[in-house]
Structure formats: C-alpha cells, structure tokens
Protein chains: 2
Amino acid sequence: MSAGWFRRRFLPGGPLPEPRPAGPRSSPVPYHRPRFLRGSGSSPGATDASRRPDARPVRSPARGRTLPWNAGYAEVINAEKSEFNEDQAACGKLCIRRCEFGIEEHQEWLTVCPEEFLTGHYWALFDGHGGPAAAILAANTLHSCLRRQLEAVVEGMIAPQPPMHLSGRCVCPSDPQFVEEKGIQAEDLVIGALENAFQECDDVIGRELEASGQVGGCTALVAVFLQGKLYVANAGDSRAILVRRHEIRQLSSEFTPETERQRIQQLAFTYPELLAGEFTRLEFPRRLKGDDLGQKVLFRDHHMRGWSYKRVEKSDLKYPLIHGQGRQARLLGTLAVSRGLGDHQLRVLDTDIQLKPFLLSIPQVTVLDVHQLAVQEEDVVVMATDGLWDVLSNEQVALLVRSFLTGNQKDDPHRFSELAKMLIHNTQGKDNGATGEGQVSYDDVSVFVIPLHSQAQEGSGH
Amino acid sequence: MSAGWFRRRFLPGGPLPEPRPAGPRSSPVPYHRPRFLRGSGSSPGATDASRRPDARPVRSPARGRTLPWNAGYAEVINAEKSEFNEDQAACGKLCIRRCEFGIEEHQEWLTVCPEEFLTGHYWALFDGHGGPAAAILAANTLHSCLRRQLEAVVEGMIAPQPPMHLSGRCVCPSDPQFVEEKGIQAEDLVIGALENAFQECDDVIGRELEASGQVGGCTALVAVFLQGKLYVANAGDSRAILVRRHEIRQLSSEFTPETERQRIQQLAFTYPELLAGEFTRLEFPRRLKGDDLGQKVLFRDHHMRGWSYKRVEKSDLKYPLIHGQGRQARLLGTLAVSRGLGDHQLRVLDTDIQLKPFLLSIPQVTVLDVHQLAVQEEDVVVMATDGLWDVLSNEQVALLVRSFLTGNQKDDPHRFSELAKMLIHNTQGKDNGATGEGQVSYDDVSVFVIPLHSQAQEGSGH
C-alpha cells in the first residue's frame with residue numbers, strides 16, 4: 001500500500017529485525033512465509049526483471065518459495081515495488097487438534113489427542129503501511145491465532161449443527177431446537193473463529209509493536225479451505241475473486257474511508273473529542289475555503305446516504321474527517337483503509353489525534369461451498385493486494401486467467417504460479433496485450449492463485 | 001403492530017383527540033388521511049364483513065376514502081384489527097414550490113414563485129405501537145416535513161447533476177468536476193430530503209407527544225413518485241414490493257432487533273450504562289439459567305456475524321438485550337422494531353431503562369427508475385404493514401396480484417382498490433384459495449396498491 005500512503009510518516013530505514021513469533025513456539029502448523037524481506041538474499045528464484053516505465057532502479061519480481069505441500073496448488077507472487085517490501089504473505093496447512101471433554105462437571109479442556117483432527121489450508125496477504133513491521137507480525141501470527149480459535153470450537157464443528165453446549169450434553173431438552181431456530185451452522189463457528197482470530201492478532205501486534213518500539217499497520221486478506229468450504233476473510237482493500245468458465249464472483253469487499261464513511265462519521269458524531277477540534281465530520285464535494293462562507297453547499301452527515309445543502313459556517317472550513325475521492329480518499333488525511341491490523345500508535349502528523357479508534361480489525365467473512373460448485377479444472381480463486389485491482393478489473397483478470405489456463409498444459413505443476421506471475425507482469429506495463437490497456441501499478445502487487453479443483457478433490461481429512 | 005407488542009404498556013382508552021397538525025397551517029399539499037380513528041364513524045364505504053376465525057367481535061374492513069386525485073391510482077385498505085386502529089396512512093399530491101435566489105451576496109431564501117414547480121405523489125403507512133398517537137401524528141406531519149426538505153433543495157434537482165452551490169454560481173472553477181467525481185445525482189437530493197424529513201418528523205412527534213402527555217411510536221413506510229422515479233423509504237417492519245409479469249423485486253428491507261443486532265449490541269458495548277446492569281449485551285441461542293453456569297455455550301457479541309463458545313458467568317444469566325426469534329424477537333423485552341418514529345418516552349416495564357437510544361428514525365431509501373422499466377399495465381407496487389407479510393410471502397402476494405389483474409377488467413377504476421382488499425381478505429382466513437394455505441393474521445393489516453403505469457404516463461410536471 002506504499003503508493004496509497006498520503007503523508008509518509010515513516011522515514012526509510014534498513015531491514016527490520018525478525019520479530020519473535022507470537023503464539024506457541026511449538027506450533028503444529030507447518031507454516032511458511034513465502035515472501036522475503038528486501039535484501040535478505042533468500043529469494044530462490046527471481047525471474048526476468050520487469051522494467052518499470054519510470055526511471056527509478058528496477059528490482060526483479062521475486063517468485064515466492066514453492067512450499068512442499070504447496071506444489072501445484074498456489075504460490076504467492078510479489079512485484080517487490082515498495083521501499084520496504086510492505087506486502088507480506090503466508091500460507092500453509094492448518095492442523096486443528098481435537099480437545100476431548102471429560103464427564104466430570106467443570107472439567108477443564110484436556111488435550112487427550114494431540115494429533116491433528118481436522119486439516120485445512122490457509123493463505124493470507126498482508127499489505128503493510130508505515131513500514132513492514134505489522135505485516136510481518138501478522139504473517140507470523142494470524143495463523144496461530146486462527147488455529148487456537150478453531151481448536152476452541154472444533155468439537156462443535158463435527159455435526160452440521162453445533163450443540164448449544166460444547167460438552168454435547170443438553171442442559172435443557174429443547175436446546176437443539178433453539179440452535180435450529182437461530183439457524184446456527186458449523187460454518188458459523190469458522191466465521192466466528194476468523195473474526196476472533198483477527199481481533200486477537202490485532203492485540204498481539206499492538207503489544208509486540210509497542211514492546212519493540214516499532215510502528216505500522218497492514219490490511220489482511222485470508223482464505224481458509226476447511227471441510228469442503230472456502231472462507232474468505234477481509235479487513236482492508238485487498239480482494240479475492242472466483243473465476244470460472246462462465247462466472248466471475250467477488251468474494252470480498254473493500255473497506256476504505258469511502259465505503260465505511262457512515263460508520264466513521266457516526267463515531268465522530270458520538271465522540272467529537274476524537275477530532276480534537278481539528279477536523280470537520282461533514283462530507284463536502286471538495287474542501288471548503290473562505291469564499292464558500294455563507295454559501296449553501298452540498299454536504300452529507302453520518303445519517304445520510306443522500307445529499308443535502310447547508311449554509312457554510314466557519315467550522316465547516318476545517319480539514320474533512322474523510323477527504324479525497326476514490327483511491328485518493330484518506331481518513332484524517334492519513335490512511336487509505338478503514339480496517340486492518342496494527343496502527344495502535346498511528347497519529348495524524350504533528351498532532352495527538354489517534355487513528356486507531358476509527359479502525360476496525362474485524363473482517364467480513366464470505367463462504368464459498370466448493371463441494372456444491374461442480375468444480376472444473378480451470379476454476380480458481382485469485383487473491384491480490386490493491387496494487388493489482390488498481391489497474392485491472394475483475395473482468396480483465398478473469399480474461400487473463402481463462403486465456404492463460406486454456407493455453408497452458410494441464411499437467412504443468414507450476415502453471416498456477418506462472419499465472420500469478422503473468423497477472424503481476426500485466427500490472428508492470430509488460431505482457432498486457434490481453435487487456436490492451438497497458439496500465440501500470442506503482443504499488444506493491446502480491447497475488448495468490450488457488451486452484452479449487454485440487455482442493456475439492458483433496459477435501460479435508462479427519 | 002398490535003399483535004407484535006410483547007408487553008402491553010398502555011391501557012385501553014377512548015379515541016385520541018385529533019392532534020394539531022405540525023408544520024405550516026396553509027400547506028399547499030392537497031393532503032389526505034384516508035384512514036379513520038376507530039369509532040369516528042366517518043368511514044364512507046365499509047365492505048362485507050370478513051369473519052375472523054376467533055370468537056372476538058368482528059369489525060368490518062373499512063375501505064379507505066377514495067381521494068379526488070387518487071381515483072384509479074391507489075387506495076389504502078385496512079383490516080381494522082387492533083384495539084386502537086394503530087395502523088395509519090396518508091397519501092396525496094406533493095407540490096414543491098420553487099425558491100429563487102437573488103443575485104446579492106448573502107441574500108436569504110425568497111419565494112418569488114408561490115405556485116407549484118414540481119409535483120409528485122406521496123403514499124405512507126404508519127404502524128403504531130403503544131397506541132395510535134405517534135402514527136396519527138406521523139400521518140399528519142411527515143408529508144409536510146418532506147415538502148419543506150424538498151423545497152430547500154429543489155433548485156438543485158433540476159439538472160441531472162446538482163450544483164456544488166445552491167445559487168448555481170461556481171466559487172471554484174472545478175466545482176462541477178468535484179460533484180461529478182463524487183457521483184452526486186439529483187436523486188441523491190431526494191434521498192437526503194427523505195432522510196432529513198424522517199428525522200425532522202421524529203423531533204416533531206417527540207415534542208407533540210410530550211406536550212400532550214401522550215405516548216407511543218410507529219413504523220413508517222413511504223413511497224414518493226417524483227421526476228419519473230419511485231423512492232421507497234422504510235423505517236420499521238413494513239414492506240414494499242414491485243410485482244411485474246416476470247419479476248418480483250423487494251423495494252425495502254425490514255429493521256428489527258434481529259436485522260440490526262450488531263448495531264444495537266455495538267451501542268450497548270459503547271454505552272453499557274444504557275442497560276443499567278439489568279440486561280446482557282450478548283446473544284445466546286436461548287435465555288440462560290442457573291444450570292448453565294460454568295458450561296461453555298454458544299454466543300455472539302457485537303463484532304461477530306459468526307458464533308463461538310464462552311464459559312457462562314453469572315452476568316450472562318441476565319435478560320438478553322435482544323431476546324426471542326423471528327417475529328418474537330424483542331429489543332429489551334419490549335419492542336419488535338428497531339427503527340421508526342416516536343417512542344421518546346418508552347421505557348422497559350417498571351424500570352428507567354430507555355429504548356429511544358437504540359432506535360433509529362432514519363429510513364433506508366431505495367430508488368426505482370420507473371421511466372427505464374418499460375412499464376406494463378399490470379405492474380404494481382404493493383406496500384403493506386407487517387400484518388400482511390406475516391402470513392403471505394412476496395411470491396404469494398405476486399401470485400394473487402397477477403391472477404387478480406388478469407381476471408379483472410382493465411377499465412375498472414377501482415380494480416387496484418379491490419386488489420388491495422382482496423389481499424387483506426387473504427390474511428383473514430377468507431378468499432385464500434389462491435395460496436391454499438389459509439394462514440390468518442391477527443395483526444392490523446394495511447395495504448396500498450400503486451399501479452406504476454398511470455404514474456409513468458403522468459410523469460411529473462414542472
């Protein structure tokens with residue numbers, strides 16, 4: 001998100017020290033960070049350099065490390081554009097252990113079966129801002145938070161309908177009926193686990209950044225394949241789409257100061273002290289000036305989806321809480337996203353005005369029932385940071401995906417990685433004959449291509 | 001909404017005195033309340049009594065007064081079920097005057113052309129609770145609030161894109177570009193006017209009820225036809241649907257403690273004092289009891305769309321902020337809707353806990369571009385209070401509408417009124433052969449049927 005950073009508050013510095021991983025040291029998750037800090041020299045396979053049209057030094061796009069379990073499944077590809085490599089990624093197998101309950105009342109959780117009980121796959125993209133620290137921490141931490149959250153509810157995920165009590169015993173004979181009336185399904189436990197994991201990870205990042213004197217934040221886009229379903233959790237402006245032969249379906253929506261305007265204005269209305277008298281809560285088509293005083297101008301407040309006119313007062317001339325349009329929209333003149341992880345210390349330049357109260361760490365989760373899709377070999381999910389979607393529409397990406405997969409051999413285990421690389425090249429002013437528009441992204445770009453067919457075939461083991 | 005009233009807090013009384021109308025006395029709106037207080041004896045055309053299957057005294061469904069401008073257009077039909085006739089309605093021509101600006105700087109609004117400039121049509125349903133007082137006030141007031149709000153912006157509604165300044169003069173040469181970038185359209189001014197009118201009307205109702213020592217609240221569903229578009233504004237659990245030969249489209253969504261759970265829980269999280277230690281913010285599948293203490297049970301909090309498990313503490317045994325399921329769900333054990341007008345004095349029985357902080361008076365507005373629909377003669381919008389939708393689905397209503405309009409003569413000016421009456425009869429255990437289910441509503445039921453063809457033909461005059 002480096003290019004989306006309006007007022008750069010963080011001066012360039014050397015590569016960050018590797019933060020100590022949060023969560024249990026002996027994690028049973030065979031987990032990998034397929035991406036590298038700039039200058040770490042550990043990139044296994046840098047491909048052809050893609051020349052950027054500007055005059056700055058050219059860095060080669062790095063191909064992410066091909067993970068053992070991951071061969072032929074998905075690979076994250078990063079254009080390595082930013083000064084700090086602020087995009088980070090993680091993927092791996094997610095192994096959920098079963099925790100059995102004893103019969104005794106009030107008995108505590110006992111892990112009687114330390115082996116994996118349920119397995120899934122996990123992919124995550126983190127687009128950092130204000131340095132890579134939060135993104136690196138998230139890439140090291142979020143999967144552990146998610147595993148813990150899932151293990152805390154996995155007993156309830158076995159049946160299609162979770163029991164009211166985790167012990168499985170009904171305290172009240174009509175308990176199953178209440179659960180059914182509320183329509184609570186096993187997938188709701190995974191959604192809840194993802195929501196809680198994001199929040200837990202945000203707390204960890206806050207503590208770690210404070211302890212190490214670092215700063216920064218990141219967006220988070222996570223896909224989890226579990227029990228035949230793909231869960232996509234998003235907090236920020238990355239995006240995941242499903243591409244099939246005759247279908248394009250967006251699996252996430254973006255959270256920016258524009259898309260969350262009413263929530264943000266509402267908060268400023270409830271807590272005006274958050275603006276410290278320096279900003280106006282109201283939205284105008286442009287920032288007002290002295291000439292506008294006394295005029296009736298278009299505006300809208302927190303309760304309005306429509307617009308109205310108001311007579312301009314002196315307080316309306318303050319800097320707007322949300323300012324700018326489209327990709328340029330900024331919260332408090334500072335941040336281009338309204339959800340994500342980190343940013344606990346972030347303040348408006350030269351003030352004590354905090355951004356964190358306006359930010360949500362909670363993702364929106366969508367569920368794709370892969371087993372009900374009649375999945376074809378060419379059906380893929382494309383996950384990418386905003387750098388891709390700034391220059392390519394869903395339709396353009398789908399066009400590129402379909403034409404690439406038609407022209408490449410089905411038994412090439414690397415074809416999905418090559419596809420991800422090709423998508424990135426299309427944002428760098430190269431190989432974009434397919435779209436014919438040649439738009440160029442100056443942001444970091446990271447892409448995962450997840451073939452659904454292998455997921456559907458493999459399913460998830462007990 | 002009488003049947004949806006969980007704890008009846010208001011004792012029966014005689015008919016309410018006619019409240020003095022809010023807003024200007026010499027309103028240019030030829031405005032009518034087509035419905036009557038029970039016992040007022042002014043019903044012009046009561047039709048055949050429809051026997052209810054229960055043993056209570058039968059009241060005949062009253063046909064609303066046929067308004068002069070309204071013949072053949074729409075008629076509100078009410079089953080007159082409730083003790084107090086809590087459903088109220090209003091419809092009429094909406095005449096917006098033009099207000100010209102002078103050239104002088106800082107010149108005030110001047111009404112130089114008192115004649116109507118823009119005309120539209122207005123239909124509204126108000127489903128009262130805790131007595132009819134708020135519903136009657138809303139039926140007398142909301143159209144005036146809307147007219148005022150529209151007149152305040154009508155100069156900006158003439159062009160497809162409203163000007164940044166209401167005077168039409170650009171203060172900054174790039175003003176039109178900013179308006180275009182934000183995508184602000186003339187219809188956004190109508191949406192804003194509806195949002196502001198609901199809020200203004202709620203303030204008026206609060207003041208009037210306090211002054212007259214009355215209580216109560218109501219839902220509000222409003223349809224406005226203006227400049228070729230139908231605007232549907234909804235705050236509560238009434239509903240409007242579009243029925244065409246090959247299409248059913250819901251034009252509003254319901255706002256209940258269930259649909260607005262996260263907003264309501266979030267508020268209780270932000271202001272725990274609103275619950276006075278008497279309620280728990282958390283949602284459980286059922287109300288917890290002593291037996292549940294120490295168990296891990298399903299729950300969700302304000303930030304969760306999914307579910308998780310928590311160990312039950314003593315504070316979890318309190319009465320839930322939102323309790324019950326579906327039509328039985330209640331906010332603070334009291335109210336079945338989460339948006340509407342009035343309820344300024346409403347408190348939880350025998351406590352000082354107020355409901356108003358949890359209620360929104362802001363409607364959600366949807367826009368139907370009638371001129372782009374290629375409207376057919378049988379295309380109608382059905383607006384009805386929850387009594388209808390409790391027993392008939394959108395599909396059942398559409399089936400009834402289509403079969404009725406096919407079988408009735410096109411030149412019968414009363415056929416849409418007859419259709420509304422037939423729909424009501426279908427909720428009373430009569431005439432419901434078409435749906436074959438024979439469900440019965442014990443709530444008030446009010447229905448408007450708006451034929452779009454006449455609207456599209458007439459358009460709106462300047």
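Buried area is the accessible area, taken with a 1.4 Å probe, that two parts lose on being put together, summed over both. The model shown here is predicted, with local features needing pLDDT of at least 70, side-chain atom pairs counting only at pLDDT 80 or more, and totals for chains, interfaces and linings using all residues. Residues are numbered from 1 along each chain as its sequence is written, and side-chain values use heavy atoms, leaving out hydrogens and water.

**View 1. Chain B against chain A.** About 5,000 Å² is buried between the two chains, and carbon and sulfur atoms give 53% of this area. B:Met164, B:Lys182 and B:Tyr309 supply 14% of what chain B buries here, more than any other three residues. Each chain brings 55 residues to the contact (heavy atoms within 4.5 Å).

**View 2. A salt bridge across the interface.** Here the side chains of A:Lys182 and B:Glu283 meet at 2.6 Å, N to O. The rule (a side-chain nitrogen of Lys or Arg within 4 Å of a carboxyl oxygen of Asp or Glu) finds four salt bridges between chain B and chain A.

View 3. Strands here are DSSP runs (E, at least two residues), numbered from the N terminus. All ten residues of S7(A), 217–226, are buried (under 20% relative accessible area, 1.4 Å probe, protein chains only). Strands pair if DSSP finds at least two bridges between them: S7(A) joins S8(A) through seven antiparallel bridges and S17(A) through two, also antiparallel.

Technical notes
Chains are lettered from A and ligands numbered from 1 in the order in which they are written. Buried means under 20% relative accessible area, exposed over 50%, partly exposed in between (1.4 Å probe, protein chains only). Helices (H or I, at least four residues) and strands (E, at least two) are DSSP runs, numbered from the N terminus.
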